[in-house]
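Open the model in a viewer with selection by residue number.

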Amino acid sequence: MPVQAAALDVPVMGRIAAGTPIEAISDVAAHVAVPQQMLGSGRSHYALEVRGDSMIEAGINDGDIVVIEETARADNGDIVVALVEGHEATLKRFRRKGGMIALEAANPAYETRVLRDDQVTVQGKLVGLIRTY
């Protein structure tokens with residue numbers, strides 16, 4: 001008999017742009033059940049619905065639900081929710097280069113955005129993905 005994994009309800013906080021940044025959304029739209037092993041203990045998490053195709057080569061498609069660990073810290077190469085200039089939220093790969101932050105798409109159709117580190121606030125990093133077929 002298979003062992004059933006425990007799941008926790010995580011709030012879906014709206015949509016995140018994987019393409020052109022969109023206005024940040026901070027309202028709980030729904031909840032989604034997420035396997036507990038996807039979530040670290042003692043950390044806060046939220047989920048966002050992906051809109052766009054800029055992260056397609058990282059396996060993140062339009063309509064997917066990304067599970068995000070709330071954190072203001074990111075390492076080079078992490079996929080993060082970045083708040084740009086206080087109001088545009090986007091999902092991109094994070095790279096710090098001196099006093100600059102590069103937000104890299106995973107689709108060659110999109111340019112990397114290079115911004116001063118004071119223009120970018122990390123709001124969380126990707127820890128999981130939920131896809132419905």
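The stops below go from overall counts to single residue pairs.

This is a predicted model, in which local features need pLDDT of at least 70 and side-chain atom pairs count only at pLDDT 80 or more, while totals for chains, interfaces and linings use all residues. Residues are numbered from 1 along each chain as its sequence is written, and side-chain values use heavy atoms, with hydrogens and water left out.

**Whole chain.** Colour by secondary structure: the protein chain has ten strands and zero helices. Helices (H or I, at least four residues) and strands (E, at least two) are DSSP runs, numbered from the N terminus. Of the 133 residues in the protein chain, 40% are buried, where buried means under 20% relative accessible area (1.4 Å probe, protein chains only). The chain exposes about 7400 Å², with 48% of this supplied by carbon and sulfur atoms; the areas come from the Shrake-Rupley method with a 1.4 Å probe. Take the contacts (heavy atoms within 4.5 Å) between residues at least 6 apart in sequence: 61% of them join residues at least 24 apart.

**Strand S5.** Select residues 65-70. Five of the six residues in this strand are buried.

**Second neighbour.** Pick Ile68 to find its bridge partner in S10, Leu126.

Terms used
Buried < 20%, exposed > 50% of the residue type's maximum accessible area, 1.4 Å probe, protein only. Pairing = 2+ DSSP bridges.
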